[in-house]
Amino acid sequence: RISPSMLVLVTRGEEILLARSPRFVTGVYSTLAGFVEPGESVEHCVAREVREEVGLEVKNLHYLRSQGWPFPPSLM
């Protein structure tokens with residue numbers, strides 16, 4: 001079984017959006033990530049995850065690339 005996922009870096013000019021989970025050690029932040037729902041495109045997943053996690057609507061999505069991922073059940 002493969003669970004498609006995405007990792008996104010949200011930018012505005014020179015600024016980047018980082019989020020913090022309550023489970024993180026103090027001072028640790030991350031880009032946003034999430035799992036793609038069945039029938040959902042990766043672009044729709046990005047918009048949904050950003051909206052759910054930080055309450056922002058994203059525009060001008062630009063796909064950068066895919067990369068190998070060291071966790072076999074996930075395709076990122």
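**Entry 1: Val 10 and its neighbours**

I began with Val 10, which touches Glu 15, Ile 16, Leu 17, Val 50 and Val 58, leaving aside residues up to four places away in sequence. Contact here means heavy atoms within 4.5 Å. Residues are numbered from 1 along each chain as its sequence is written, and side-chain values use heavy atoms, with hydrogens and water left out.

I then looked up where Val 10 sits, and found it in strand 2 (residues 10-12). Helices (H or I, at least four residues) and strands (E, at least two) are DSSP runs, numbered from the N terminus. Is Val 10 buried or exposed? Val 10 counts as buried, because its relative accessibility is 16%. The cut-offs are under 20% relative accessible area for buried, over 50% for exposed and partly exposed in between (1.4 Å probe, protein chains only). I also checked Val 10 against Leu 61: they are 51 residues apart along the chain, and their C-alpha atoms are separated by 9.1 Å.

**Entry 2: the core**

Which residues make up the largest nonpolar core? I listed nine residues: Met 6, Val 8, Val 10, Ala 19, Leu 32, Val 36, Cys 45, Val 46 and Val 50. Strand 1 and helix 1 each supply at least two residues of this core, and the largest share, three residues, comes from helix 1. A nonpolar core is a set of buried Ala, Val, Leu, Ile, Met, Phe, Trp, Tyr and Cys residues joined through side-chain atoms within 4.5 Å.

**Entry 3: two exposed residues**

I found Ile 2 in the segment before strand 1 (3-8). Ile 2 is exposed, since its relative accessible area is 55%. Ile 2 and Val 42 are 40 residues apart in sequence, and I read 14 Å between their C-alpha atoms.

Next I turned to Asn 60, in the loop between helix 1 (42-54) and strand 5. Its relative accessible area is 65%, so Asn 60 is exposed. Phi of Asn 60 is near 55°, a positive value in a residue other than glycine. Most residues other than glycine have a negative phi.

**Entry 4: confidence**

I finished with pLDDT, the predictor's confidence in each residue, from 0 to 100. The protein chain has a mean of 88, and 95% of its residues reach 70 or more. Which element has the lowest mean pLDDT? I noted strand 5 (residues 74-75) at 64, while strand 3 (residues 15-17) has the highest, 96. Where pLDDT is low, the predicted coordinates should not be read in detail.

Note on methods. Predicted model: local features only at pLDDT ≥ 70, side-chain atom pairs only at ≥ 80, totals over all residues.
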